[in-house]
Protein chains: 2
Amino acid sequence: VDEFAFIRERLAPLSRGLPGARMLTDDAATIAPPDGHELVVTADVLVGGVHFRQDDPLDLVAGKALRVNLSDLAAKGAEPLAYLLSIVWPRGLPVEAKSKFVDGLARDQARFGIALLGGDTTAAADHFVVSVIAMGAAPTGSFVPRSGARPGDLVFVTGEIGDAGLEIAASADERHILPPALLGMMASRYLTPEPRTACAQALRGRATAALDVSDGLVADAGHIAETSGVRLAIEAEKIPLSHAGRAWLSLQGDRNAGLATLATGGDDYEILFCGPPDAGEAVARESGVSVTAIGRVEAGEGVVLLNKAGVEIPLVKRGYTHF
Amino acid sequence: VDEFAFIRERLAPLSRGLPGARMLTDDAATIAPPDGHELVVTADVLVGGVHFRQDDPLDLVAGKALRVNLSDLAAKGAEPLAYLLSIVWPRGLPVEAKSKFVDGLARDQARFGIALLGGDTTAAADHFVVSVIAMGAAPTGSFVPRSGARPGDLVFVTGEIGDAGLEIAASADERHILPPALLGMMASRYLTPEPRTACAQALRGRATAALDVSDGLVADAGHIAETSGVRLAIEAEKIPLSHAGRAWLSLQGDRNAGLATLATGGDDYEILFCGPPDAGEAVARESGVSVTAIGRVEAGEGVVLLNKAGVEIPLVKRGYTHF
């Protein structure tokens, strides 16, 4: 199948609603933020064999590529607007597989209110690289940075932490014990993260610092600590866990080590944010997303994960790294 | 070397001049076009082993990744503003090699007045993928499309065509005969294309259709023909050639076949545009870039390459395709 035909028939319809995309018939596209707004721009690359597995369903891989970028926009207080997609297809990938990939984009972009502005496609042997740039809009000056956390703020996190990391980290023995429904929960959280787009507006003007949890809760808390010039103290027992996470934790001989695994697994795509004590409840109320206070911001540097007794839990690693 | 240290020490300085890039310390960046302007956005992916060779100097590869995007902006009438860079490094690439790559970015972004807004970096075995999104600014509504060519327009091209394609296509026998200076000219045109940024302003309001020649002159003329719903008749003998191109052509037994090779090689990064008869001279005068009239726009469809006698030259291929 011809590259140009695939773009015209399968990708161009994804640009509907964005006249500046020119139905993907040009070399560039035009876009401008609404009056009084600026563009918020974020990038995430997914590489086959690294960020997704060769046998992951391609519609879900495509959806995840969108969702991880939407998660960044939400954490920064921006509403979704448009995305650019650059793909290196594995040479020889059947058109049905490409089509399934596009199905995933179509489904998720409709759900989250974003459309395709442009991009580039090519092919290379033994490559599968999906590079997404997502653009959102936020009222000028309302961007929620990493850098604004101050001593006295509390640390909050949306949803539940740890399931996606367990999809990778749980051992064969543990999988044998855990009920299929809970294993399915882990797989679903890994393949189909839930970007907290509903939180974007609520975070603006309330959160002093925010980001989405992709590297691991502790590692990402570390990014806020470093950029804000503060210390984040996180109480491990307060980290919100799913049924799957709690069941897995109950299998661990060393509960604190188990909590550390959950707090450093990554791929959660929940929003970690800091703010005054009432910020958590306000964000939860306005967004309808559950929010849990898990710690506090203090003078100092770095992140500590504290056990029930307030003693620091030693960490083997702080998060996931591709390097 | 730590990923974060490399970003902080080597990549962050490339964002100077763009406060919305936040020195690459956040998960997203902010940008807005100047008043009365819109953003013009273009994407190009370069894959090691496909779009560049494993032994090409990495500073030149980085520069080329920028230049091919700047070429798109110029053809669309936009002034350079910012770029996003997503890289998959080959796992284990020495830091000196990464640093040389960054040197190339630094040199070329200073020359063309563009800065780094954000992006993503990761690593994977046997991968080297450079994905650039370039953003330019153009007065709202002044975007130069592919779609506006009309019968009666002339077809123009900047600079010279064919050298970059010869860097790939010239045979060992031909290389043995051609003087080193001319071979160097081909290599240079392949590795270091010259984006015609000086033409951006001159094209606005003058060119009815434009694009940069990347797939090959005939293939790209075909894009204009298709999108504009017209036919482009190109006179092969009028295509501007360099000393290297003319020398290579003189070695060919079949001059018309040689002209066809030059017109379908690709990687030229000159601007092909259509417009009224006086548009070419006006663009040349205002930009200081040489412009040659090479054909005319007619009613009909497709592209024909005509020989001296006005007879169509048969084409084995119309351009370069990665698929």
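Before you click, one term: two residues are in contact when they have heavy atoms within 4.5 Å of each other. This is a predicted model, where local features need pLDDT of at least 70 and side-chain atom pairs count only at pLDDT 80 or more, while totals for chains, interfaces and linings use all residues. Residues are numbered from 1 along each chain as its sequence is written, chains are lettered from A and ligands numbered from 1 in the order in which they are written, and side-chain values use heavy atoms, with hydrogens and water left out.

**Stop 1: the interface**

Colour chain A and chain B separately and look where they meet. There, 59 residues of chain B are in contact with 59 residues of chain A. The size of an interface is often given as the accessible area lost when the parts come together. Here the buried area (accessible area, with a 1.4 Å probe, that two parts lose on being put together, summed over both) is about 4500 Å², and carbon and sulfur atoms give 60% of that.

Select A:R146 and B:D27 to see a salt bridge, 2.9 Å from N to O.

Strands here are DSSP runs of E with at least two residues, helices are runs of H or I with at least four, and both are numbered from the N terminus. By class, the side of chain B that touches chain A has 28 nonpolar, 14 polar and 17 charged residues. Nonpolar covers Ala, Val, Leu, Ile, Met, Phe, Trp, Tyr, Cys and Pro; charged covers Asp, Glu, Lys and Arg; the others, Gly among them, are polar.

**Stop 2: strand β2 of chain B**

Stay on β2(B). Two strands pair if DSSP finds at least two bridges between them. Strand β1 of chain A (residues 29-31) pairs with β2(B) in the antiparallel sense over three bridges. Β2(B) also runs antiparallel to β5(B), joined by eleven bridges.

Is β2(B) mostly covered or uncovered? Mostly covered, with ten of its eleven residues buried. Buried means under 20% relative accessible area, exposed over 50%, and partly exposed in between (1.4 Å probe, protein chains only).

**Stop 3**

Over all chains, the count comes to 48 salt bridges. Start with B:R67 and B:D108, whose closest N and O atoms are 2.8 Å apart. B:R67 lies in helix α2 (residues 58-75) and B:D108 in helix α3 (residues 95-112), so the pair ties together parts 41 residues apart in sequence. B:R67 is buried at 5% relative accessibility, and B:D108 is buried at 6%.

Next, select B:R53 and B:D56, which meet at 3.0 Å, N to O. B:R53 is partly exposed at 28%, whereas B:D56 is buried at 6%.

**Last stop: a network in chain A**

Finish by selecting A:R231, A:E235, A:K238, A:R296 and A:E298, which are linked in a network of salt bridges.

How values were computed:
Salt bridge = Lys/Arg side-chain N within 4 Å of Asp/Glu carboxyl O.
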